[in-house]
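Subject: Structure handover

Hello,

Here is the structure I said I would pass on. My notes on it follow below.

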Amino acid sequence: MPAAGLKTIIALSFVLALGFLLVILSCALYSKYHPLLVVATYVLAPVPNWICSHCANPDDFVESSGAAILDLGRFCTGFLVVMGIALPVVLAHSGIIATAAAVMSVVGGLLIYGTIVSFGQFFQEEQEF
């Protein structure tokens with residue numbers, strides 16, 4: 001893993017701010033605030049993975065000791081990420097929000113979730129054996 005320094009933090013914060021800007025602009029430019037639900041789904045997306053990884057029983061002797069709970073966390077995280085992409089598409093298809101707002105919301109949401117995942121990758125602690 002690359003070492004996380006000040007440049008990494010600045011780059012991640014810039015990308016996160018750009019993602020929030022896109023989502024907020026998708027709401028403000030078209031006066032419909034339904035795309036803000038995307039922020040909630042992307043912020044909550046890593047939570048099931050985090051909870052299930054702490055609930056799993058790490059055992060050195062048995063490989064699949066907590067595989068079911070980890071798979072459940074990954075499934076819930078994947079569901080929330082797909083919902084963050086599909087929700088603006090469904091809202092645009094039904095005519096509740098504009099298509100341009102849906103595109104801005106999806107791109108902004110993906111930037112937000114990508115920043116959260118990148119932050120987790122850069123700043124995770126290495127395990128000692």
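Pro35 is found in the loop between α1 and α2; helices (H or I, at least four residues) and strands (E, at least two) are DSSP runs, numbered from the N terminus. Pro35 has a relative accessibility of 1% and counts as buried. Buried means under 20% relative accessible area, exposed over 50%, and partly exposed in between (1.4 Å probe, protein chains only).

Before the rest, some notes on the source. This is a predicted model, in which local features need pLDDT of at least 70 and side-chain atom pairs count only at pLDDT 80 or more, while totals for chains, interfaces and linings use all residues. Residues are numbered from 1 along each chain as its sequence is written, and side-chain values use heavy atoms, with hydrogens and water left out.

Confidence

pLDDT is the predictor's confidence in each residue, from 0 to 100. The protein chain averages 84, and 85% of the residues score at least 70. Where pLDDT is low, the predicted coordinates should not be read in detail.

Overall make-up

The protein chain has five helices and zero strands, in the order α-α-α-α-α along the sequence. Of its 129 residues, 28% are buried. The accessible surface comes to about 8600 Å², and carbon and sulfur atoms hold 71% of that; such areas come from the Shrake-Rupley method with a 1.4 Å probe, and for residues only the protein chains shown count as cover. Contact means heavy atoms within 4.5 Å. Of the contacts with a separation of 6 or more, 72% are between residues 24 or more positions apart.

UniProt record

An unreviewed UniProt entry lists residues 9–31, 72–91 and 98–123 under "transmembrane region". UniProt positions are given in the numbering used here, feature names are shortened, and annotations may be inferred rather than shown by experiment. In the model, residues 9–31 are 87% helix and 0% strand, with end C-alpha atoms 33 Å apart. Residues 72–91 are 100% helix and 0% strand, and their end C-alpha atoms lie 28 Å apart.

Pro35 and Ser105

What does Pro35 touch, leaving aside its neighbours within four places in sequence? Pro35 is in contact with Val23, Ser26, Cys27, Ile97 and Ser105. Ser105 lies in helix α5 (residues 99–122) and is buried, at 0% relative accessibility. Pro35 and Ser105 are 70 residues apart along the chain, with their C-alpha atoms separated by 6.1 Å. Not counting residues up to four places away in sequence, Ser105 also touches Val23, Ser26, Val38 and Pro88.

Leu29 and the surface patch

Leu29 lies in the loop between α1 (6–28) and α2 (37–44). Leu29 counts as exposed because its relative accessible area is 56%. With Phe14, Leu18, Leu21, Leu25 and Tyr30, Leu29 makes a nonpolar surface patch of about 570 Å². Patches are made of residues with over 30% relative accessible area and no salt bridge: like charges are joined within 9 Å, nonpolar side chains (Val, Leu, Ile, Met, Phe, Trp, Tyr) within 5 Å.

Salt bridge

A search of the whole structure finds one salt bridge, meaning a side-chain nitrogen of Lys or Arg within 4 Å of a carboxyl oxygen of Asp or Glu. Arg74 and Asp71 form the pair, at 3.5 Å from N to O. Both lie in helix α4 (residues 67–93), three residues apart, about one turn of the helix.

Regards
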